[in-house]
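Subject: Structure for your records

Hello,

Here is the structure I said I would pass on. My notes on it follow below.

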Amino acid sequence: EAGFITAMNFKAKNLNLRDTQFTNPVGFDGFGQYTTVHDLSLLTAEAMQSAVFKRLVSTISITVTDVDHTISHELTSLNLLLGQISGLSGVKTGFTQLAGECLVTFVQRQNYQIITVVLGSNDRFGETRQLIDWVFANFSWQELSPAIHYWLPGHNHKNHYRPQRQW
């Protein structure tokens with residue numbers, strides 16, 4: 001386990017997650033374990049570049065079996081917004097006593113992508129729904145210049161847009 005945690009922290013540093021440190025591999029509350037909304041959004045942007053990861057976190061439910069197909073288990077996502085919000089994919093639900101309810105989502109509508117991160121909530125699904133609705137109702141999209149993309153590690157920057165507030 002210690003080696004895995006070391007690898008997690010090494011990967012975090014390589015992704016420029018400057019305010020993230022892991023002390024356990026599963027996200028439990030622990031002395032010295034921390035992250036930020038910003039770092040979680042960077043991590044999500046990187047993870048969503050993987051088609052396999054995107055497919056996994058978009059799965060509402062699936063039945064898995066052993067190799068002989070004698071034992072099966074139905075797995076269901078705890079993300080109540082999957083299949084309920086247009087363009088939403090996963091990404092991560094969570095809860096701990098210190099962090100409260102947490103939810104990270106990725107939404108793509110047409111060519112526009114947003115990542116939402118809600119931490120310390122008492123209603124992660126309701127707050128996330130409101131945030132997504134607000135963004136798509138109140139922002140227009142403008143193409144970014146290449147200089148703006150410095151903070152998105154490993155991204156193809158051709159089709160990234162920055163939302164602009166409609167006043």
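Contact here means heavy atoms within 4.5 Å. Note also that this is a predicted model.

By that criterion, and leaving out residues up to four places away in sequence, Ile114 touches Thr105, Phe106, Val107, Ile132, Val135, Phe136 and Trp141.

Ile114 also belongs to the largest nonpolar core, which has 13 residues. Leu81, Leu88, Val107, Ile114, Ile132 and Phe136 are those with the most contacts inside this core. At least two of its residues come from each of strand 4 (100-109), helix 4 (124-138) and strand 6 (139-143). Helix 4 gives the largest share, four residues. In soluble globular proteins, nonpolar side chains tend to be buried together.

Some nonpolar residues lie on the surface instead: Ile62, Val64 and Leu75 form a patch there, with about 230 Å² of accessible area together. Of these, Val64 sits in strand 1 (residues 61-65).

On confidence, the protein chain has an average pLDDT of 88, and 87% of the residues score at least 70. For residues 156-160 the pLDDT is below 50, and this stretch has nine contacts in the model beyond near neighbours in sequence. Where pLDDT is low, the predicted coordinates should not be read in detail.

Regards

Terms used
Residues are numbered from 1 along each chain as its sequence is written. This is a predicted model: local features need pLDDT of at least 70, side-chain atom pairs count only at pLDDT 80 or more; totals for chains, interfaces and linings use all residues. Side-chain values use heavy atoms; hydrogens and water are left out. Patches are made of residues with over 30% relative accessible area and no salt bridge: like charges are joined within 9 Å, nonpolar side chains (Val, Leu, Ile, Met, Phe, Trp, Tyr) within 5 Å. Accessible areas come from the Shrake-Rupley method with a 1.4 Å probe; for residues, only the protein chains shown count as cover. A salt bridge is a side-chain nitrogen of Lys or Arg within 4 Å of a carboxyl oxygen of Asp or Glu. A nonpolar core is a set of buried Ala, Val, Leu, Ile, Met, Phe, Trp, Tyr and Cys residues joined through side-chain atoms within 4.5 Å. Buried means under 20% relative accessible area, exposed over 50%, partly exposed in between (1.4 Å probe, protein chains only). pLDDT is the predictor's confidence in each residue, from 0 to 100.
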